[in-house]
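Open the model in your viewer and keep the selection panel at hand.

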Protein chains: 2
Amino acid sequence: MAFEKLADTLKALADPTRLKIISFLRTRDCCVCELVPIFNISQPAISKHLSRLKTAELVRETRKGQWVFYSLNEKKLEETGFALSHLPHLSEQLKELEKQGLLVRCE
Amino acid sequence: MAFEKLADTLKALADPTRLKIISFLRTRDCCVCELVPIFNISQPAISKHLSRLKTAELVRETRKGQWVFYSLNEKKLEETGFALSHLPHLSEQLKELEKQGLLVRCE
DNA sequence: TATATAAATAACAATATGGTTATATTATTA
DNA sequence: TAATAATATAACCATATTGTTATTTATATA
């Protein structure tokens, strides 16, 4: 299920608003009310994007009194980029499938 | 629009079937009819996944007689992983926004 | 040439995504 | 305590995604 998990993380990243939020968070932690005026969408929309990133463990939230600050989970982001660049070779599985006659020969 | 483009590429990658197809293609070029029996979905479904990957320039197709072989664009995959791990800092934009009074101060 | 095989496209359905407005929740302040 | 500010949640809508089956297109072969 490694592919499922990676796909879920990539889905969380595969949106321009969320990528830009992450870029802002690379500079410093931001609260929701800072992010809202930057983007041309409503506060609940931003809140949902942050919630999506949090579910994917790409960001963490910390309440500071009235505000909720979001911070980047750099490790998770780094890991995801690395996973993409190092997707497994599936040569063993291909051999296994050939053995079981599940692979059509095409040449 | 760099965020838009990266998001589009990530959307193409953000699916377990397509990630697995890419992993198979890391080992060797495959034709559609080889991939179909590996996954538990129909031939048109595989064909559409490949089409999505091709549109994102993550794979290339070559017809060999009856068969269409797909090969991985390793460079594009590598670049995407790198881009994720190196999303820009937006400190300048944050400063600019502060100057324009568009940033609420939260502490 | 007629038939079979490989792959793509069309038409459709169920679910996911990303936005909206309205409302609820939580914390601060008058 | 009442009012305000920040954030999250609910209900909803339009569009995208991902699968299906049926059909078309392209190539190879009897």
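The expected span of a helix is 1.5 Å times one less than its number of residues. That rule is needed at the second stop. Keep in mind throughout that this is a predicted model.

**Stop 1: chain A as a whole**

Select chain A and colour it by secondary structure. Followed along the sequence, the elements of chain A come in the pattern α-α-β-α-α-β-β-α-α.

Now zoom out. The C-alpha atoms of chain A fill a box of roughly 65 × 25 × 20 Å along the principal axes. The radius of gyration of chain A is 19 Å, whereas a compact globule of 107 residues would have one near 13 Å. Buried residues account for 28% of the 107 residues in chain A. Take the contacts in chain A between residues at least 6 apart in sequence: 49% of them join residues at least 24 apart.

**Stop 2: helix 2 of chain A**

Select residues 16-27 of chain A, which form helix 2. How far does helix 2 reach from its first C-alpha to its last? The helix has 12 residues and spans 17 Å, close to the expected 16 Å.

Show the side chains here. Which residues of helix 2 are buried? They are A:Arg18, A:Leu19, A:Lys20, A:Ile21, A:Ile22, A:Phe24 and A:Leu25.

**Stop 3: where chain A touches chain B**

The contact between the chains takes 43 residues from chain A and 43 residues from chain B. On the side of chain A that touches chain B, at least two residues each come from helix 1 (2-13), helix 2, helix 3, helix 5 (74-85) and helix 6 (91-99). Helix 2 of chain A supplies the largest share of that side, eight residues. Colour this side of chain A by class to find 27 nonpolar, seven polar and nine charged residues.

**Stop 4: the sheet of chain B**

Move to chain B and select its strands. They make an open sheet of three strands in the order 1-3-2, with antiparallel pairing. Strand 1 (30-31) and strand 2 (59-64) of chain B are the edge strands, each pairing on one side only.

Strands of a sheet pair through backbone hydrogen bonds, either parallel or antiparallel. For a case to look at, pick strand 1 and strand 3 (residues 67-72) of chain B, which pair in the antiparallel sense over two bridges. Click on B:Cys30 and then on its bridge partner in strand 3, B:Tyr70.

**Stop 5: DNA strand C**

Select DNA strand C and the 24 residues that surround it. The closest are A:Ser42, A:Gly65, B:Cys31, B:Cys33 and B:Pro44. Two or more residues of this surface come from each of helix 4 of chain A and helix 3 (32-35), helix 4 and strand 3 of chain B. Which element gives the largest share of the surface near DNA strand C? Helix 4 of chain B does, with six residues. By class, the surface near DNA strand C has 11 nonpolar, nine polar and four charged residues.

**Stop 6: DNA strand D**

Finish with DNA strand D, which has 24 residues around it. Those that come nearest are A:Cys31, A:Cys33, A:Pro44, B:Ser42 and B:Gly65. Helix 4 of chain A gives the most to the surface near DNA strand D, with six residues. This surface has 11 nonpolar, nine polar and four charged residues.

Conventions:
Residues are numbered from 1 along each chain as its sequence is written. Chains are lettered from A and ligands numbered from 1 in the order in which they are written. This is a predicted model: local features need pLDDT of at least 70, side-chain atom pairs count only at pLDDT 80 or more; totals for chains, interfaces and linings use all residues. Helices (H or I, at least four residues) and strands (E, at least two) are DSSP runs, numbered from the N terminus. A residue is buried if 20 or more other C-beta atoms lie within 10 Å of its own, exposed if 12 or fewer, and partly exposed in between; C-beta atoms are placed from the backbone. A residue is near a molecule or strand if its C-beta atom, placed from the backbone, lies within 6 Å of it. Ala, Val, Leu, Ile, Met, Phe, Trp, Tyr, Cys and Pro count as nonpolar, Asp, Glu, Lys and Arg as charged, and the others, Gly among them, as polar. Two strands pair if DSSP finds at least two bridges between them. Two residues are in contact if their C-beta atoms, placed from the backbone, lie within 7 Å. The radius of gyration is taken over C-alpha atoms; the globule rule is 2.2 Å times the number of residues to the power 0.38.
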